[in-house]
Amino acid sequence: MAEKEGGSCSTIYRRFKPHFLMVLTQVGYTFLYVLTEACFNHGMNPHVHITYRHVVAGIVMLPFAYFLERKKRPKLTLALFLEIFVLSILGVSLTLNMYFASLRYTSPTFLAAVVNTTASLTFIIAAVLRLEVVDLRDPRGIAKVLGTFVSLVGVTIMTLYKGPAIKNLWHSLVHIQGKSPIHENWLKGSILTVASCIAWSIWYIMQAFTLKRYPAPLSLTAWMSFVGAAQSAVFTAIV
């Protein structure tokens, strides 16, 4: 009996493991938004933050990529490196510079809500490019269309409508000190956020094709982190 229960729990875990990991990822992103705004409140430049962040990410990922994928990692050609360069622009330097710049004009709550439309935008772009089959006779196809519609409508309302402030009913458990940025241009912040989500969606689609030619996800992540950090550093120096 105990063996059956153990096997059943193991089966459920394997079945819902991707969903569980996605939930953990979203929780991690939520803390990231708050900590990032705290850094900005203390005067850190967003472009410098992105550069440091991906240098650290590349250093952390490098040993895992080297030891775990050294047998299956293909040779890096010039064409693949150029593809990684473009991926780094779409997924790191361009996207995140717009993404974190928009935090100065909006709020972590708004940013966390809008970024969840990345999946919807990815679905729309993939459908337009005929990379995603949409069958309205299938319940799954109907669910995808309805979910995309509801998601985009919600973001549109949050972008165009700004209601009265809601006071906290209890004291905050965490207090982030520092000089708060002036959220004075919600339209500019919204445009930057949506533009970053579109670039992120294109990055997801393009990344799927790159992984077919370079089936080493850890190595690809390390490469994008280092290349993206270099791109962001150049952008920071220019700005």
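Thr 106 has a relative accessibility of 0%, so this residue counts as buried (buried means under 20% relative accessible area, exposed over 50%, partly exposed in between, using a 1.4 Å probe and protein chains only). Thr 106 sits in the loop between α3 and α4 (108–115). Its C-alpha atom is separated by 9.2 Å from that of Thr 193, though the two are 87 residues apart along the chain.

A word on the ground rules: this is a predicted model, where local features need pLDDT of at least 70, side-chain atom pairs count only at pLDDT 80 or more, and totals for chains, interfaces and linings use all residues. Residues are numbered from 1 along each chain as its sequence is written, and side-chain values use heavy atoms, with hydrogens and water left out.

**The overall layout**

The protein has eight helices and zero strands, so defined because helices (H or I, at least four residues) and strands (E, at least two) are DSSP runs, numbered from the N terminus. Of the 239 residues in the protein, 32% are buried. Take the contacts (heavy atoms within 4.5 Å) between residues at least 6 apart in sequence: 86% of them join residues at least 24 apart.

**Helix pairs**

Two packed helices are described by the angle between their axes and the distance between the axes. Here the axes are lines fitted to C-alpha atoms, for helices over the stretch in contact, and angles run from 0 to 180 degrees between N-to-C directions.

| Pair | Axes come within | Crossing angle |
|---|---|---|
| α3 (residues 78–103) and α7 (residues 186–213) | 8 Å | roughly 160 degrees |
| α5 (residues 118–128) and α7 | 8 Å | roughly 60 degrees |
| α2 and α8 | 7 Å | roughly 155 degrees |

Start with α3 and α7, whose axes cross at roughly 160 degrees. That makes α3 roughly antiparallel to α7 (angles under 35 degrees count as roughly parallel, over 145 as roughly antiparallel, 65 to 115 as roughly perpendicular and the rest as oblique). The contact of α3 with α7 has 16 nonpolar, eight polar and two charged residues; Ala, Val, Leu, Ile, Met, Phe, Trp, Tyr, Cys and Pro count as nonpolar, Asp, Glu, Lys and Arg as charged, and the others, Gly among them, as polar. The crossing of α3 past α7 is left-handed (the near helix is turned anticlockwise from the far one by less than a right angle; clockwise would be right-handed).

Which residues does Thr 95 contact, leaving aside neighbours within four places in sequence? They are Ile 89, Leu 90, Ser 196, Ala 199 and Trp 200. Thr 95 is found in α3 and is buried, at 0% relative accessible area. Not counting residues up to four places away in sequence, Glu 83 touches Met 206, Phe 209, Thr 210 and Arg 213.

On the α7 side, look at Gly 189. Gly 189 is buried at 0% relative accessibility and touches Ser 102, Tyr 105 and Thr 106, again not counting residues up to four places away in sequence.

Now α5, which passes α7 in a right-handed crossing. In this pair, Thr 118, Leu 121, Thr 122, Ile 125 and Ala 126 of α5 meet Cys 197, Ile 198, Trp 200, Ser 201, Ile 202, Tyr 204 and Ile 205 of α7. By class, the contact of α5 with α7 has nine nonpolar, three polar and no charged residues.

**Helix α8 and its partners**

The crossing of α2 and α8 is left-handed, and the residues of their contact divide into 16 nonpolar, nine polar and no charged. Buried residues in α8 include Leu 220, Met 224, Val 227 and Gln 231. Among what covers the buried residues of α8 are α2 (46–68), α3 and α7.

How do the helix lengths check out? The 22 residues of α8 (residues 217–238) should span 32 Å at 1.5 Å a residue, and its end C-alpha atoms are 31 Å apart, which agrees. For α7, 28 residues should span 40 Å, and the end C-alpha atoms are 41 Å apart, which agrees too. The expected span is 1.5 Å times one less than the number of residues.
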